[in-house]
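Biologist: Could you take a close look at the aromatic rings in this model for me, and then walk outward to the helices and loops? I'd like the cut-offs spelled out as you go.

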Amino acid sequence: MGSLRFAILGTGFWSRFQLAGWKELDGVECVALCDRTGSKAEKLAREFGVPAVYDDAEELLRRERLDFLDIITDAHTHGKFVRMAADRRLPVICQKPLAPSYSEAEGMVAACREAGVPLLVHENWRWQPQIRQMKRVLDEGRIGEPFRARIDFISSFPVFNNQPFLRELEQFILTDIGTHLLDVARCLFGEAEGLTCLTHRVHRDTKGEDVATVMLAMEGGAAVVCNMAYAGNALEHDRFPETYIFVEAESGSAELGPDYWLRVTTGDGTFARRYPPPRYAWADPSYEVIHASIVPCHANLLAALRGEGRAETTGEDNLLTLKLVFAAYESAAGRRSIHWSRSNLPE
Ligand code: 89Y
């Protein structure tokens, strides 16, 4: 199989990092960029040597010979573009959050399933090296069966400077960061059978919630609490965009703390080691660990598209993460816990 040819729709803040991430891999080639503001696409194309530029996705899809499409636009346009790809039997990768509602995401997954094309989700958080190492510790049973965990992303980073549209979202932190943390919770601890959520808003100039607390009841009986905040308050260990994790298990504990330190404690004592991300010249130092995680995320999705492996974050799989995100909003709005079984997931 030769190099896979793809096009990117959307050339906003994240696209330059995703494009740079693709360039780290062999066997894949970006042949076109598209943005409704054509000049933005042209600028990025010049910088990265991409041969074709469009301001109309239909025209791009008519003219270019592609093996897949990478959608990096705002969430409310994902459905339209995913369906365009499905209509042309074109495999597609879509940014998180997959859609602004669960039913829209479900429709997109169904459209691709019916067309027989893969729909993969660019969900990179679980590919951070220190989180992968935490997963290894848990999967190897080094601390026994977890019964409680905390996953924290609590930051005062001025996130609206680079992504001003986040201020306008009626549903903010659970869709922006909750998608990541709840996906990490599933990746580390399996599926949930219920949850309770409380939300809060500290910023007066954002539409959506900037603080959320989600307690997941996992199928195995463990409790996993995901704390997320962009409240803008002063914090001692504020190291955007690091995620801190603490796991209590039957024969030990594990803690992912500041500066990528993972500490594993058993009856033999504490074993500590740092798992920093690889450095890439193209990464924005303020976002280093997330930008670095784009590369293994892409490698996993590319292997699946080339028929050489299994993608972790398929559309089908991501529906299970989105169930949690939207059940969390429902729980917070109704001030109640929500429980389900596999055959009776919440709507
Ligand atoms: O949009 C978000 C993401 O996916 O990673 C961090 C971010 O840029 C701001 O919360």
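Modeller: Happy to! Let's start with the cluster: ring pairs link Phe13, Trp14, Phe17, Trp125, Phe153, Phe157, Phe160, Phe172, Tyr230, Phe240 and Tyr287. Here rings of Phe, Tyr and Trp (its six-membered ring) pair if their centres lie within 6.5 Å; planes under 30 degrees apart count as stacked, over 60 as edge-to-face and the rest as tilted. Please keep in mind that this is a predicted model, where local features need pLDDT of at least 70 and side-chain atom pairs count only at pLDDT 80 or more, while totals for chains, interfaces and linings use all residues. Residues are numbered from 1 along each chain as its sequence is written, and side-chain values use heavy atoms, with hydrogens and water left out.

Searching the whole structure gives 19 aromatic pairs. One of them joins phenylalanine 157 and tyrosine 287: the ring centres are 5.5 Å apart and the planes stand at 85°, so this pair is edge-to-face. It links distant parts of the chain, 130 residues apart. Phenylalanine 157 sits in the loop between strand S7 (146–154) and helix H7 (173–189), and tyrosine 287 in the loop between strand S14 (269–274) and helix H8 (288–305). These helices (H or I, at least four residues) and strands (E, at least two) are DSSP runs, numbered from the N terminus. Tyrosine 287 is buried, at a relative accessible area of 1%; buried means under 20% relative accessible area, exposed over 50%, partly exposed in between (1.4 Å probe, protein chains only). A stacked pair is formed by tyrosine 280 and tryptophan 282, with 5.0 Å from centre to centre and 20° between the planes.

Phe17 of the cluster also belongs to the buried part of helix H1, together with Ser15, Gln18, Leu19, Ala20, Gly21 and Trp22. Seven of the nine residues of H1 (residues 15–23) are buried, so this helix is largely enclosed by the rest of the structure. Phe240, another cluster member, is joined to proline 241 by a cis peptide bond with omega about -5°. Proline 241 lies in the loop between strand S10 (223–229) and strand S11. A cis bond also runs from lysine 96 to proline 97, where omega is near -15°, and proline 97 is in the loop between strand S5 (92–95) and helix H5.

A ring can also meet a charge. The charged end of arginine 132 sits over the ring of tryptophan 127, 3.9 Å from its centre; the test is that NZ of Lys or CZ of Arg is within 6 Å of the ring centre and within 35 degrees of the ring normal.

The axes of H6 (residues 129–139) and H7 come within 9 Å and cross at roughly 30°; axes are lines fitted to C-alpha atoms, for helices over the stretch in contact, and angles run from 0 to 180 degrees between N-to-C directions. That makes H6 roughly parallel to H7, given that angles under 35 degrees count as roughly parallel, over 145 as roughly antiparallel, 65 to 115 as roughly perpendicular and the rest as oblique.

Helix H5 has two helix contacts to look at. With H4 (residues 75–87), the axes come within 9 Å and cross at roughly 5°, which makes H4 roughly parallel to H5. The residues of that contact divide into six nonpolar, three polar and two charged. With H9 (residues 315–334), the axes of H5 (residues 102–115) come within 10 Å and cross at roughly 170°, and the two helices are therefore roughly antiparallel. That contact has six nonpolar, one polar and four charged residues, among them Glu106 and Arg113 of H5 and Lys323 of H9.

Arginine 89, in the loop between H4 and S5, has a positive phi of about 55° although it is not a glycine, and counts as exposed at 56% relative accessibility. Arginine 335, in the loop between H9 and strand S15 (338–339), has a positive phi near 50° and is exposed, with a relative accessible area of 65%.

Methods
Contact means heavy atoms within 4.5 Å. Ala, Val, Leu, Ile, Met, Phe, Trp, Tyr, Cys and Pro count as nonpolar, Asp, Glu, Lys and Arg as charged, and the others, Gly among them, as polar.
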